[in-house]
Amino acid sequence: MAKFQKYRNIIPAVAILLISIFMFILSFTVKRETMSTIGPGFMPRLVSCGMFLLGLIHLNLEWKQMKEESREDEQPVLEDNAVKSWPDRIRDCLDWLSAGIILIYVLLVGTLGFILSSAIYMFLQMLLLASGEKKNYIKIGLLSVIVPVLVYELFTNYFYLMLPAGILG
């Protein structure tokens with residue numbers, strides 16, 4: 001377990017790199033049903049390139065930090081065997097919870113549609129990442145509904161790219 005703790009920040013960075021490569025490859029399988037210059041695979045390619053770049057930056061920063069920590073001659077730190085509270089447990093596995101929410105979003109976007117699945121995803125992700133005890137549920141809920149609707153309207157009416165309509169369609 002101590003070996004895993006050493007690489008706990010590098011593993012998510014490598015996972016982001018692999019997911020972005022997979023997403024980039026899959027973006028070429030999207031069917032082109034419009035005659036516009038920008039096809040429906042453009043945005044997934046753009047997002048996957050951004051994810052890859054951010055994953056590289058994250059990997060580089062974590063690698064440097066790991067090297068610095070290994071050079072330091074620290075005395076062994078005694079682990080606190082106290083039981084962690086739920087917020088501490090959630091904070092410890094925040095990256096895995098985010099990855100799980102993203103996976104569920106990807107699986108549901110085809111059936112529920114872009115607007116509904118994006119609203120649910122954004123609401124859950126913002127609740128997960130919101131810090132502090134007081135979370136503004138009204139603001140989070142409004143943003144979770146307004147942003148997907150605006151993005152859907154922008155892509156369908158101005159870029160002429162079809163997003164999954166799902167059960168609302």
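This tour goes through the structure stop by stop, saying what to select and what is there. Keep in mind that you are looking at a predicted model.

**Stop 1: helix H3**

Select residues 42-71, which make up helix H3. This helix has 30 residues, and the distance from its first C-alpha to its last is 44 Å. That is close to the 44 Å expected at 1.5 Å a residue. Next, colour Ser48, Gly55, Glu62 and Met66, which are buried positions in H3.

Stay with Ser48 for a moment, still in helix H3. Why does Ser48 count as buried? Its relative accessibility is 2%, and the cut-off for buried is under 20%. Show its surroundings and you will find that Ser48 touches Ser20, Met23 and Phe24, leaving aside residues up to four places away in sequence.

**Stop 2**

Click on Ile25, which sits in helix H2. Ile25 counts as exposed because its relative accessibility is 54%, and the cut-off for exposed is over 50%.

**Stop 2: aromatic pairs**

The structure has four aromatic pairs in total.

The Tyr105 and Tyr121 pair links distant parts of the chain, 16 residues apart. Tyr105 belongs to helix H5 (residues 94-112), and Tyr121 to helix H6 (residues 114-129). If you colour by accessibility, Tyr121 comes out as partly exposed, with a relative accessible area of 22%.

**Stop 3: the segment after H7**

Move along to helix H7 (137-158) and select Phe159 in the segment that follows this helix. Phe159 is partly exposed, and its relative accessible area is 39%. Which residues does Phe159 touch, not counting those up to four places away in sequence? The answer is Ser36 and Leu154. Draw a distance between the C-alpha atoms of Phe159 and Ser36: the separation is 7.9 Å, although these residues are 123 residues apart along the chain.

Finish at Tyr160, also placed in the segment after H7. Look at its backbone here: phi of Tyr160 is near 55°, a positive value in a residue other than glycine. For background, most residues other than glycine have a negative phi. Tyr160 is exposed, with a relative accessible area of 53%.

Methods
Residues numbered from 1 in each chain as written. Predicted model: local features only at pLDDT ≥ 70, side-chain atom pairs only at ≥ 80, totals over all residues. Heavy atoms only, no water. Helix = DSSP H or I, 4+ residues; strand = E, 2+ residues; numbered from the N terminus. Expected span 1.5 Å × (residues − 1). Buried < 20%, exposed > 50% of the residue type's maximum accessible area, 1.4 Å probe, protein only. Contact = heavy atoms within 4.5 Å. Phe/Tyr/Trp six-rings, centres within 6.5 Å; stacked < 30°, edge-to-face > 60°.
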